[in-house]
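Please read them with the structure open beside you.

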Amino acid sequence: MKSVPDSAAFHQPVNAKQVSDYYVIVKDPMDLETLRLHVHDFHTREEFMERAQLIESNCVLYNGEEAALTQISRQILAVCRESLAALDEQLTSLEEDISMLPDEGDSPGGGDNRSRPESVDRDECRSKETVKLSLFLIRCLCRTTRRSGAA
């Protein structure tokens, strides 16, 4: 995604010293580095895309629909969607694994625990599955960068 031509403005958070009114206008900022740093927070690709789409919506809010930067933000999201679609089967499997894990409030006997022994800590399981999804999304983003960089 970072290799989308002219996308450098989206690689790091907006510098408040250079763009003094940005954080007055944009209340929920997002950039590619912040997205990468928080990828472990997502349990589904929908959660990931919800945050990624802030890149475009914030750009529209600050720069307008027709701005050149807005067109670039749309290209970044298009590359991201294409990459996630190409990896649909693997992502679906990881999301299903995460969804089968009990939530924090569930009792040890509750939820769908068929795939893990009673002795395995549910937080540890959830963490491992979330890490798997996070690593997969990062690989997805890296793969997108290499592929689009070659085009």
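1. Start with the overall pattern. From one end of the sequence to the other, the chain reads α-α-α-α-α-α. In total there are 6 helices and 0 strands. Keep in mind throughout that this is a predicted model.

2. Next, how the chain is packed. Of the 151 residues in the chain, 36% are buried. Among contacts with a separation of 6 or more, 63% are between residues 24 or more positions apart. The chain exposes about 8900 Å², and carbon and sulfur atoms supply 54% of that area.

3. Which residues make the nonpolar surface patch of about 270 Å²? The patch is made by Val24, Ile25 and Leu61. Val24 can be found in helix α1, which covers residues 22-25. Its relative accessible area is 57%, so Val24 counts as exposed, the cut-off for that word being over 50%.

4. Now look at Ser73, which sits in helix α4 (residues 68-86). Is this residue buried or exposed? Ser73 is buried, because its relative accessibility is 0% and the limit for buried is under 20%. Apart from neighbours within four places in sequence, Ser73 touches Phe10, Ile55, Glu56 and Cys59. A polar atom of the Ser73 side chain also lies 2.7 Å from the backbone oxygen of Thr70.

5. The chain has 5 salt bridges. One of them joins Glu33 and Arg36, with the closest N and O atoms 2.7 Å apart. Where do these two residues stand relative to each other in helix α2? Helix α2 spans residues 32-37, and Glu33 and Arg36 are 3 residues apart in it, so about one helical turn separates them. Glu33 is buried, because its relative accessible area is 15%, under the 20% limit. Arg36 has a relative accessible area of 40% and is therefore partly exposed.

6. Another salt bridge is formed by the side chains of Arg74 and Glu56, at 2.9 Å from N to O.

7. Glu65 forms a salt bridge with Arg74, and here the closest N and O atoms are 2.5 Å apart. Through shared partners, the salt bridges join Glu56, Glu65 and Arg74 into one network.

8. Ser73 is the buried residue in point 4, at 0% relative accessibility, and Val24 is the exposed one in point 3, at 57%. For the salt bridges, inspect Glu33 with Arg36, then Arg74 with Glu56, then Glu65 with Arg74.

Key:
Residues numbered from 1 in each chain as written. Predicted model: local features only at pLDDT ≥ 70, side-chain atom pairs only at ≥ 80, totals over all residues. Heavy atoms only, no water. Helix = DSSP H or I, 4+ residues; strand = E, 2+ residues; numbered from the N terminus. Buried < 20%, exposed > 50% of the residue type's maximum accessible area, 1.4 Å probe, protein only. Polar contact = N/O pair within 3.5 Å; in protein donor to acceptor, adjacent residues only side chain to side chain. Contact = heavy atoms within 4.5 Å. Patch = residues over 30% accessible without salt bridge, like charges linked within 9 Å, V, L, I, M, F, W, Y side chains within 5 Å. Areas by Shrake-Rupley, 256 points an atom, 1.4 Å probe, with all protein chains shown as cover. Salt bridge = Lys/Arg side-chain N within 4 Å of Asp/Glu carboxyl O.
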